[in-house]
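Please keep the sequence and the 3D structure in view while reading.

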Amino acid sequence: MLTVRNIEFGYAGGEQTLLGVSLEARGGEVLGLLGPNGSGKSTLIRLMCGALRPRRGEVLLDGAPVSSLRPRALARALSLVPQSATPPEGFTALDVVLMGRHAYIPRLGRESGRDIEIAREAMRRTGVEALSEREARALSGGEWQRVLIARALAQEAGVLLLDEPVANLDIRYQLEILRLLRTLAGEGRAVVLVMHDIDLAARFCDRLAVLRKGRLYADGSPAAVLTPALLREVYGVSGVVQRDPYPHFVPD
């Protein structure tokens, strides 16, 4: 379980970005983070993975502060798919996915046959196995996004954090990746993903946490959270929420 407890955070010289946010991500479920641009979603993900330190509050992984974990231990426990990352020059797609195995490779050592097997399986599950020898910088935006997800899977971490993981994908790969994330949660992982598409979030997430102006506005099942009142007050849009069987928004 990943626990965020009374987090407050602000960037240097700026206003508070997050104010008293408390949240739990549990093994076996997909938690979707929603909210307008600037509400603090990406900042919260970076706090969860230890890339940022809160001004107040704490982030706990199975009861232990994330800040107390050594980098290799943290990498084995938690993996992050960032919103944007530049493909490295001179590396193939397989090289990038193998970076997810660094926490398991002895210092000054090389990846084993087992590491390569795990990396290739991660690529197979994300549909990029055929791109193994392709230069990372030659990949399309959607292909690169799936390679980043494969790298995270290769870490074999119990908590998977993803910041807009399907933003650059066409609808086929959006559905395939989201179905894969549901499968990973079914295997016991805690999956947390930032999303903008409310309808897809309602379809594939067990819980939704909605941020508004740095505060946690709502946390619960999609059916409980997605209401016309919330969409009006958080997003400034009006319409109805239909359920057949998953909630989806129909604007006026």
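## Terms and model

Helices (H or I, at least four residues) and strands (E, at least two) are DSSP runs, numbered from the N terminus. The model is a predicted one, in which local features need pLDDT of at least 70 and side-chain atom pairs count only at pLDDT 80 or more, while totals for chains, interfaces and linings use all residues. Residues are numbered from 1 along each chain as its sequence is written, and side-chain values use heavy atoms, with hydrogens and water left out.

The predictor's confidence in each residue is its pLDDT, from 0 to 100. The chain averages 92, and 100% of the residues score at least 70. Where pLDDT is low, the predicted coordinates should not be read in detail.

Two strands count as paired if DSSP finds at least two bridges between them. Seven bridges connect β1 (residues 2–10) with β2, and Gly10 has Gln16 in β2 as its bridge partner.

## The six-stranded sheet

Another open sheet has six strands, ordered β6-β7-β8-β3-β9-β10, with mixed pairing. Because β6 (78–81) and β10 (215–220) stand at the edges with a single partner strand each, one side of each has no neighbour in the sheet. On average, neighbouring strands of this sheet are turned by 15° against each other, direction ignored.

Strands β9 (residues 207–212) and β10 run antiparallel and are joined by five bridges. Val210 stands opposite Ala218 in β10. Helix α6 (residues 171–186) touches β3, β7 (159–163) and β8 (190–194), and its direction makes about 150° with that of β8. Helix α9 (residues 228–235) touches β3, β9 and β10, and makes about 35° with the direction of β9.

Strand β11 (residues 239–243) runs antiparallel to β12, with five bridges between them. Arg243 has Pro247 in β12 as its bridge partner, and the hairpin from β11 to β12 passes through three residues. Pro245 is in this loop, and the peptide bond from Asp244 to Pro245 is cis, with omega near -5°.

Most residues other than glycine have a negative phi, and most peptide bonds are trans. Asn6, in strand β1, has a positive phi of about 50° although it is not a glycine.

## The largest pocket

On a 1 Å grid over the protein atoms alone, a pocket is an open set of points where a 1.4 Å probe fits, with protein on both sides within 12 Å along at least five of seven lines; lining residues have an atom within 4 Å of a point. Grid points are joined across faces, edges and corners, and a volume is the space filled by probe spheres set on the points. The largest pocket holds about 160 Å³ of space.

Which elements give two or more residues to its lining? They are α4 (113–125) and α5 (141–154), and α4 gives the largest share, six residues. The lining includes Arg114, Glu117, Leu153 and Arg189. By class, five lining residues are nonpolar, none polar and six charged. Here Ala, Val, Leu, Ile, Met, Phe, Trp, Tyr, Cys and Pro count as nonpolar, Asp, Glu, Lys and Arg as charged, and the others, Gly among them, as polar.

Notes: Axes fitted to C-alpha atoms, helices over the stretch in contact; angles between N-to-C directions. Contact = heavy atoms within 4.5 Å.
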